[in-house]
Amino acid sequence: MEPSPAPAEDTPTMPRRAPTQQRSRERVERILEVASALIATTGSDAMRMSEVAENAGISIGSLYQYFPDKGAILRTLAERYNAQGRECIEAELADVRDMAGLRVAFGRLIDIYYGLFLAEPVIRDIWFGTQADKGLRDVELESGRLNGALLSAVLKRLRPGAEEGELDRSAFLIMSLGESTMRLAISVEREEGDALVENYKRMVLREMEAG
């Protein structure tokens, strides 16, 4: 029987339910590996579902069983990168006990993020694509809120008398501006990008200390 027609490739949708069988999980990982390699080589705009299926060694119908369209693949990759980023943030901030420790940890986090986006073309591609894809924008927004919550938890430890809603908003803004700074920094020449990242770190640290 012929597979059902796939949705348009520019329509952001959710991935299908995560597979539970080992063979299916391995197939999903293979699909994502192939998609990442294609994005790194030609970019997500040029990637086609038929190309992913062929390189993964599966039929197009099998591919659609896991991912209804290209947007679902990109969303899955974005969510994975965001989850890895949150793990990094959580690990760096876990032992912060004072403002001096926060200064060191936050500066290190920004350097780690910047290095990651400079080195990883798939992350860069997905980030640049968020502005044109509502599904990816929603993923980025949720990631900013979750990252902000991690920073806000630290600020609340350091400032027990501060208004919690204000700290939540400040942390959300700081993390969201950090993502925007990274996107800007990797869009310009390296020297200018390095300077922009350093300026962001100084601005944010001054704000956190003043608060």
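This is a predicted model: local features need pLDDT of at least 70, side-chain atom pairs count only at pLDDT 80 or more; totals for chains, interfaces and linings use all residues.
Let's start at one residue: Leu184 sits in helix H8. With a relative accessible area of 46%, Leu184 is partly exposed.

Now step back and take in the whole chain. How many helices and strands are there? The protein chain has nine helices and zero strands, and so, reading along the sequence, you get the pattern α-α-α-α-α-α-α-α-α. The chain has 211 residues, and 41% of them count as buried. Its accessible surface is about 11,600 Å², with 52% of that belonging to carbon and sulfur atoms. If you take the contacts with a separation of 6 or more, 71% of them are between residues 24 or more positions apart.

Back to H8, then, and to one of its packing partners. Two packed helices are described by the angle between their axes and the distance between the axes. For helix H5 (residues 99-119) and helix H8 (residues 164-185), the angle is about 40° and the axes are 10 Å apart. H5 and H8 are therefore oblique to each other, and their crossing is right-handed. Which residues do the meeting? On the H5 side you'll find Phe106, Ile110, Tyr113, Tyr114 and Phe117, and across from them in H8 are Ile174, Met175, Met182 and Ala185. Sort that contact by class and you get nine nonpolar residues, with no polar and no charged ones.

Is Lys201 buried or exposed? Its relative accessible area is 9%, and because buried means under 20%, Lys201 counts as buried. Leaving out residues up to four places away in sequence, Lys201 touches Gly107, Ile110 and Asp111.

H8 has another residue worth a stop, Asp168. Here the relative accessible area is 34%, which makes Asp168 partly exposed. Residues up to four places away in sequence aside, Asp168 touches Ser152 and Lys156. The C-alpha atom of Ala149, 19 residues away along the chain, is 6.7 Å from that of Asp168.

From there, hop over to Arg157, which belongs to helix H7 (residues 134-158). Arg157 is partly exposed too, at a relative accessible area of 41%. Which residues does Arg157 contact, once neighbours within four places in sequence are set aside? They are Leu93, Ala94, Val96 and Arg97. Arg97 is 60 residues from Arg157 along the chain, yet their C-alpha atoms are separated by 7.7 Å.

Take helix H6 to begin with. H1 (residues 22-42) and H6 (residues 121-129) pack at an angle of about 80°, their axes being 8 Å apart. That makes H1 roughly perpendicular to H6. The H1 side of this contact is made by Ser36, Ile39 and Ala40, while H6 brings Pro121, Val122 and Asp125. By class, the contact of H1 with H6 comes out as four nonpolar residues, one polar and one charged.

The other partner is helix H2 (residues 49-56), which packs with H1 at an angle of about 120°, with the axes 9 Å apart. How are H1 and H2 arranged: roughly perpendicular or oblique? Roughly perpendicular covers angles of 65 to 115 degrees, so H1 is oblique to H2. This crossing is right-handed. H1 contributes Arg30, Ile31, Val34 and Leu38, and they meet Glu51, Val52, Asn55 and Ala56 of H2. The contact of H1 with H2 divides into five nonpolar residues, one polar and two charged.

H5 and H8 pack at about 40°, H1 and H6 at about 80°, and H1 and H2 at about 120°. The contact of H5 with H8 has no charged residues, whereas the contact of H1 with H6 has one and the contact of H1 with H2 has two.

Definitions and conventions:
Residues are numbered from 1 along each chain as its sequence is written. Side-chain values use heavy atoms; hydrogens and water are left out. Axes are lines fitted to C-alpha atoms, for helices over the stretch in contact, and angles run from 0 to 180 degrees between N-to-C directions. Helices (H or I, at least four residues) and strands (E, at least two) are DSSP runs, numbered from the N terminus. Angles under 35 degrees count as roughly parallel, over 145 as roughly antiparallel, 65 to 115 as roughly perpendicular and the rest as oblique. A crossing is left-handed if the near helix is turned anticlockwise from the far one by less than a right angle, and right-handed if clockwise. Contact means heavy atoms within 4.5 Å. Ala, Val, Leu, Ile, Met, Phe, Trp, Tyr, Cys and Pro count as nonpolar, Asp, Glu, Lys and Arg as charged, and the others, Gly among them, as polar. Buried means under 20% relative accessible area, exposed over 50%, partly exposed in between (1.4 Å probe, protein chains only). Accessible areas come from the Shrake-Rupley method with a 1.4 Å probe; for residues, only the protein chains shown count as cover.
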